[in-house]
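This report goes through one protein model, part by part. Keep the sequence and the structure in view while reading.

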Amino acid sequence: MIWMVLLQVEEDPYKPDSLNMRIAKMLKLPTPCFGITISGRYAYLSSLRKIYVVDISKPDSLYLAATIPTTNIPLGLAVYKNYLYVGHGYKGLSVFNISDPNIASEIYTLPMPDTTMEVKMVGSYLYLTIGDSGFAIVSISNPSKPKPVSITKSQGFVRGITVKGNYAYVAAGREGLKVYNISDPQKPRLVGSFKTDGFAIGVDVEGGFAYVTLGRKGIDILDVSNPADIKEFRLAKGPGDALNARTINGLIYVAFGYGGVSVVDPINKVEVARYKPPKYRGDYVFDIVVQGKYVFAASRNGMVVYEILR
């Protein structure tokens, strides 16, 4: 397993366990942050009936620029121009005008048949996960008033989604990974599936491999080069709950809950960097965005910026 050596290290519960990574800045916020997206100089973090807007123009000197109130708990976030798209739970998809974050306002809501969670933007479409109702494709050709294109029922509880080319890769809870051909957005077509050994929470894809986060079970690395014949490459466990993963240039960046953040070369089974908070004074990392040498995290304590030192 990729993180076997890390798991065998005897830790001091009052000190962080780090390798080639440090905390550049931590911004303590009043309530926990569950999701994060970045656009320009701002990071947007979903929290309890609010969205925090943090100026990250200087990653080692963060400040809270604005707080946007919401009428439900926001989950997934995506930004296009002056619009913030919010997976707004039972409300569906909400659109906020953020031309001035200090006076941001909700200007439109598109109802969905189930709880709206992750929001991914690719081109002129949004891809929404809607739990037991599957996933939705929404057009933002008119950015202020999205229009539904299709809703696809999928087996399992759909929590995560990523899109590469003509395919949507769907993390479908106990049903594992589902792959859909979306060359016709009005009629997505199931072309492959793989039942993972655990509840599929999130997914990212790069270089013919899908990285499916399974919480305590770790990460299932799947060969999806042929979506009709998906094969398991490796099941890897880590120092905590694998919640979200980002793949960039052959490396996996993982939000590991109480296990912090880890960066791994999965092919060569080498851990490149990690930062695991102290056990008794620790944090819990829910989501991450990677920009250059920085990993921006939404965590139980607010926002954390990690710097990779190699």
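## Terms and basis

Two strands pair if DSSP finds at least two bridges between them. Helices (H or I, at least four residues) and strands (E, at least two) are DSSP runs, numbered from the N terminus.

The model is predicted: local features need pLDDT of at least 70, side-chain atom pairs count only at pLDDT 80 or more, and totals for chains, interfaces and linings use all residues. Residues are numbered from 1 along each chain as its sequence is written, and side-chain values use heavy atoms, with hydrogens and water left out.

β11 and β12 form a hairpin with 2 residues between them. In its turn, Gly123 has a positive phi of about 60°. The two strands pair in the antiparallel sense over 4 bridges, and Met121 has Leu126 in β12 as its bridge partner.

β12 also pairs with β13, again in the antiparallel sense, over 5 bridges. Here Thr129 stands opposite Phe135 in β13. The hairpin of β12 and β13 has 5 residues between the strands, and Gly131 takes a positive phi near 55°. Of the 5 residues of strand β12 (residues 125-129), 4 are buried (under 20% relative accessible area; exposed is over 50%, partly exposed in between; 1.4 Å probe, protein chains only). Strand β12 is therefore largely enclosed by the rest of the structure.

## Ile137

Strand β13 (residues 135-139) contains Ile137. Is Ile137 buried or exposed? Ile137 is buried, because its relative accessible area is 0%. Not counting residues up to four places away in sequence, Ile137 touches Tyr125, Leu126, Tyr127, Pro148, Val149, Ser150, Ile182, Pro185 and Pro188; contact means heavy atoms within 4.5 Å. The C-alpha atoms of Ile137 and Tyr63 are separated by 34 Å, and the two residues are 74 apart along the chain.

Strands of a sheet pair through backbone hydrogen bonds, either parallel or antiparallel. In this model, 4 strands form an open sheet in the order β7-β8-β9-β10, with antiparallel pairing. β7 and β10 (105-110) stand at the edges with a single partner strand each, so one side of each has no neighbour in the sheet.

Strand β9 (residues 93-97) is joined to β10 by 5 bridges.

## The largest pocket

The largest pocket has a volume of about 880 Å³. On a 1 Å grid over the protein atoms alone, a pocket is an open set of points with protein on both sides within 12 Å along at least five of seven lines, and lining residues have an atom within 4 Å of a point. Grid points are joined across faces, edges and corners, and a volume is the space filled by probe spheres set on the points.

This pocket is lined by 38 residues, of which Ile36, Glu118, Lys120, Arg246 and Asp287 lie nearest its centre. Elements giving two or more residues to the lining include β3 (35-39), β11 (119-122) and β27 (285-291).

## Two residues with positive phi

Most residues other than glycine have a negative phi. Asn20 has a positive phi near 55° and is placed in the loop between β1 (17-19) and β2 (21-28). Asn20 is partly exposed, with a relative accessible area of 28%.

Arg49 is not a glycine either, and has a positive phi of about 55°. Arg49 is in the loop between β4 (42-46) and β5 (50-55) and is partly exposed, at 44% relative accessible area.

How values were computed
1 Å grid on protein atoms, 1.4 Å probe; cavity = no way out; pocket = protein on both sides within 12 Å on 5 of 7 lines; lining within 4 Å.
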